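I wanted to look up the salt bridges in this structure. My notes follow the display.

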Amino acid sequence: MSTPDSELDRHLQALFRGLDTRADFDARLMARLRAESQTDATERTARARHERARYRRAVLELQSSRRSMLRLLTLDTLGIALLLVAAVVTAGPRLSRDVMDISSQYGPYIAMLLGILIAAVPLVGMWAEQTRRPIRLL
Amino acid sequence: MLTDASLMELVRAERRDEAIALLLPAFRRKVFALAYSFLRDREAAEDVTQEVFIKIWRALPGFDARASMSTWIYTIARNASLSALRARRPQSSLSDPEVMAAVEAIDPAPSPDVIVYMEAQSHEEVATMLAMPVGTVKTLLHRARARLSAAAGKMSTSS
């Protein structure tokens, strides 16, 4: 039908060619698209803000859980040290003289070593916390 | 020269408005003709054409070039026209399922003659636009011409 040959075709083609959108069609469409674009940008900003808040919350939760772990580790170390002391005190009278001699000779060093270990646990934990790479959740 | 690649470059550069401004003169009348061929109502066809271009604007970043841009646009236009056609049908209540079934059974066949006469497209192009075989387009066009010819004959004898 690209080359209409009859009178009817010519007539119909002339008739239908007048059928078109209103003159302000393009302007109305572009105005609607601008409005859509603004809504789009607002939604994107709101989404980004929501994601940032979620990230901050997650980081705080992670830091809090790390601190809890550190506290638990410190308490564990203290408990182990106390158990060791209690074991030595309980078993002390039953130990042979040689062992008692050695322990009285090295006792202060062992106690000092234990103290250093107990103090070192939170210090090492804090150092690890500070030197850790920034948390990336996204 | 408007090509799919040049349009996609604009989309990638987040210049969708410019892409639409290029698509509009090339496809506005075609989309309008396609919508009119389904709806046979100028106002409704214009509303659908607006919706189609807004849908295109929204979906352009996701266009994967599996089909050509024109085929993609015609698909959106056809679906939007069919949705508008369905929305225009009378809403029957659940108490009259027979009416509901009858309404659903109405064939929303488009009129290819509108596109042919509006846009002087070839049968093959109209077949692509309406997603129907060329033979069907020819048959529908033949019937429409016979109908129009009869109507024109009636008009000339009555005058």
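I am working with a predicted model, where local features need pLDDT of at least 70, side-chain atom pairs count only at pLDDT 80 or more, and totals for chains, interfaces and linings use all residues. Residues are numbered from 1 along each chain as its sequence is written, chains are lettered from A and ligands numbered from 1 in the order in which they are written, and side-chain values use heavy atoms, with hydrogens and water left out.

Entry one. I searched the whole structure and found 15 salt bridges over all chains (a side-chain nitrogen of Lys or Arg within 4 Å of a carboxyl oxygen of Asp or Glu).

Entry two. I looked up Glu43(B) and found a salt bridge to Arg22(A), 3.8 Å from N to O. This pair crosses between chains: Glu43(B) sits in helix α3 of chain B, and Arg22(A) in the loop between α1 and α2 of chain A. Helices here are DSSP runs of H or I, at least four residues, numbered from the N terminus. Glu43(B) is partly exposed at 44% relative accessibility (buried is under 20%, exposed over 50%, partly exposed in between, with a 1.4 Å probe and protein chains only). Arg22(A) is partly exposed at 39%.

I checked Arg44(A) and found a salt bridge to Asp40(A) at 3.8 Å. Both lie in helix α2 of chain A, four residues apart, about one turn of the helix.

Terms used
Helix = DSSP H or I, 4+ residues; strand = E, 2+ residues; numbered from the N terminus.
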